Amino acid sequence: MKKIYYLLCLLPLMPLVSACDDEGAEVVLLQNPESQPVTLSSIAPDYGFVGDQFTLTGTNFGGGVDFIQVFIGENEAEVLTCTDTEVKVLVPKEATTGRISVRFMGQEVNSDLMFRVMGKPSVEQMKPLFGLEGTQKAWGFVGSEVTFSGSELGGSQEDVKVIFKGATNTPAEIVFWSEEEFKVKVPEGAVSGKLTLTVGSQTVNTPYEFRLVEHATVSGITPQQGYKGCEVTISGKGLGDETTKGQTKVWFGDKAGTVLSCENEKITVKTPNSLEEGKEYSVILATPFETINLEGKFNVAPSPIISVDNIPDDRYIGETLIIKGQNMPVKADWESINVHFGDVQAVLAPEDYTVDNAGNGILNVTVPHGLAAGSVPVVVEIAGIEFMRKNITIMMAPEITAVDCPLVVSGGTLKLLGTSLGTDSSKFSEVMFGNQVASISSVNETELTLTVPNFTGNNIDNVLISFNYQIAEGRILEMKVPQTINVMVPGNDITSYVLKNYERPFRGEGGFTGGEWDVLSDWARNQSLINAGVGGLQYPAITGGRDPEGVIALHKWGKAATNGKLYQNVKLPVGEYKVTIAEVTSGGNNGQRRDAVFAAFEGTTDVDIADYAGNSYPDAAEGCLGYIVLTPPDVTNVTKEFKFEVKNKAKDLVLGFVSCTGANVWITCSSVKIELLNN
């Protein structure tokens, strides 16, 4: 009777079904093999001659002989019959003793079941072995010996040849032989992989692959002194990998550590908690393949003792928590200290930690923001080991989260944004704007407005703002603004605060390679310029090549652009500003358009720059604070400038070029300059 097979990939829960169609053919329905993996449980008999049969027992064989393959080692056997739980197999003439494996519908299932082929050379065991049952491999160093055990292994030593992968041209040296066992030396050039064994003219299966192992070398242990239970790293080469981790041991004296990770060049191990403080221990590394005595010893430092009595039962967010301890780390190891408030880690700095020569340390910890009011555990860890845990009560406090504008004008105002600031300005004291005293003009729950001190001379970068806040009777909270401020002094050039990449040499995204065109870094382009291929940066022709310093270009030869925009975003405080565009040059052929302006607009995107449709720019364009027409008529190296004013409050602005160009025109400039004018 013929059989017709159907694979039911979409019906993983449906059992195998066998029936007959109208013509009498047996129809076998196979379910999705991935949902029902094949398993192998037994073999009977487990020995026999070529031409004999044996039976494999298991599950989910599928019931179709055309879908299953059975192997004895490398030799495929003929499948005679198959049900879902049994497969009958014929031993092929080329077979030798080997492990049983099955392939079914893309699955490959290996097993520890062994079939011994009688009357043929047979290898049933190899030594030494490494790994867990089912994944074991024979292993060796170059020059070490591998032992093969079995039966009928030739009539003399000359009958046996072993070829290691990587050393295919030279059989391995046989150092011992008998009919039941022989030993070979691992040759130079060998690598991990399958071995090839022949006995006489017969190719013989081997039960395990081979793993080449390199001798481990150890360069040291870090740190050489630490607390019991701390983590240390053994460095070197050939130390192993994740497959060797479970059989790798590190001994401190006669006490075993816990291996946490194992890599070729380092092993991380947790030292035993049973080590004695103040004692020095020899360290021994035992890999699955060899044992190494480390030259360096490990010294157990006295464990820190944290003075929990000095920690109060409550603290406001932002207040300082003073933690004291004995046997504390030296100053250079301050980063080994971590303090957690529940799931939130406190931020520590070197200046927060002091320690004397006797190991008495003091740690000043700021209670971090992001905590909820209520009880929270404070945990002190040193070198990854917890040495203190105590619950304290967290109370909410005012917080400054940001500044309204990171640029301020000398003598102007600045808004600080925050939460729970209250309405009583008398609670704020010692308000410092850098090294000058500032005053508070108003406060509400979310905004604190400062009057900026009068600075003269140059602009001032990265000014810190701090003040004290009386959070409760007798308790002062020291507050710092999380952002620094740049102070702009009227009469100065402030371009570096307002724009990026604004003067020669210009930076291009591609970098100068001798070509003519590039994309101007830090300037945004609208889709019109992108579609026209205008990148905003040109390297003009000079004697001997091109000028690598470049110029801003609002054109590209052969490309026309309408309402093209090249711009940057900034937030500016109240004040009057002047924009200067240097060395503006333009020209073109056949009356093609070469119109361009530089404008200041309120807003945050190019959408807020009004369309530039003709030779005159609309003075009434919504949100326009000011602009300057760069061209026409034809100009060469002229300077253009205009003024604009930000009134009432700091504003988000778009500063940039708007252009309409024909395909054969040019519009360039060499710099953009922004100045803050005197009121």
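Start at Glu-152. In this predicted model, Glu-152 is partly exposed, with a relative accessible area of 42%. Select the loop between strand 15 (145–151) and strand 16 (160–163) to find Glu-152. Check its backbone: Glu-152 has a positive phi of about 55° and is not a glycine.

Next, select Ala-383. Ala-383 also has a positive phi of about 55°, again without being a glycine. Look for Ala-383 in the loop between strand 38 (374–382) and strand 39 (385–395). Ala-383 counts as partly exposed, at 36% relative accessibility.

Now go to the cis peptide bonds. The bond from Thr-222 to Pro-223 is cis, with omega near -10°. Pro-223 sits in the loop between strand 22 and strand 23 (225–226). Then select Arg-504 and Pro-505: the peptide bond from Arg-504 to Pro-505 is cis, with omega near 0°. Pro-505 lies in the loop between helix 1 (495–498) and strand 51 (517–519).

Go back to strand 22 and show its sheet. The order is 22-24-28-27, an open sheet of 4 strands with antiparallel pairing. Strand 22 (217–222) and strand 27 (258–262) are the edges; each has a single partner strand, so one side of each has no neighbour in the sheet. Neighbouring strands here are turned by 25° against each other on average, direction ignored. Zoom in on strand 27 and strand 28 (residues 266–270), which pair in the antiparallel sense over 4 bridges. Ser-261 stands opposite Thr-268 in strand 28.

Switch to the aromatic rings. The whole structure holds 19 aromatic pairs. Select Tyr-227 and Phe-387 for one of them: the ring centres are 5.3 Å apart and the planes stand at 75°, so the pair is edge-to-face. Tyr-227 is in the loop between strand 23 and strand 24 (231–237), Phe-387 is in strand 39, and the two are 160 residues apart. Tyr-227 is buried, with a relative accessible area of 9%.

Then select Phe-252 and Phe-298. This aromatic pair is edge-to-face, at 5.7 Å centre to centre and 70° between the planes. Phe-252 belongs to strand 25 (residues 249–252) and Phe-298 to strand 30 (residues 291–300), 46 residues apart.

Last stop: select Trp-523, Tyr-577, Phe-598, Phe-642, Phe-644 and Phe-657. Ring pairs link these residues into a cluster.

Conventions
Residues are numbered from 1 along each chain as its sequence is written. This is a predicted model: local features need pLDDT of at least 70, side-chain atom pairs count only at pLDDT 80 or more; totals for chains, interfaces and linings use all residues. Side-chain values use heavy atoms; hydrogens and water are left out. Two strands pair if DSSP finds at least two bridges between them. Axes are lines fitted to C-alpha atoms, for helices over the stretch in contact, and angles run from 0 to 180 degrees between N-to-C directions. Buried means under 20% relative accessible area, exposed over 50%, partly exposed in between (1.4 Å probe, protein chains only). Rings of Phe, Tyr and Trp (its six-membered ring) pair if their centres lie within 6.5 Å; planes under 30 degrees apart count as stacked, over 60 as edge-to-face and the rest as tilted.
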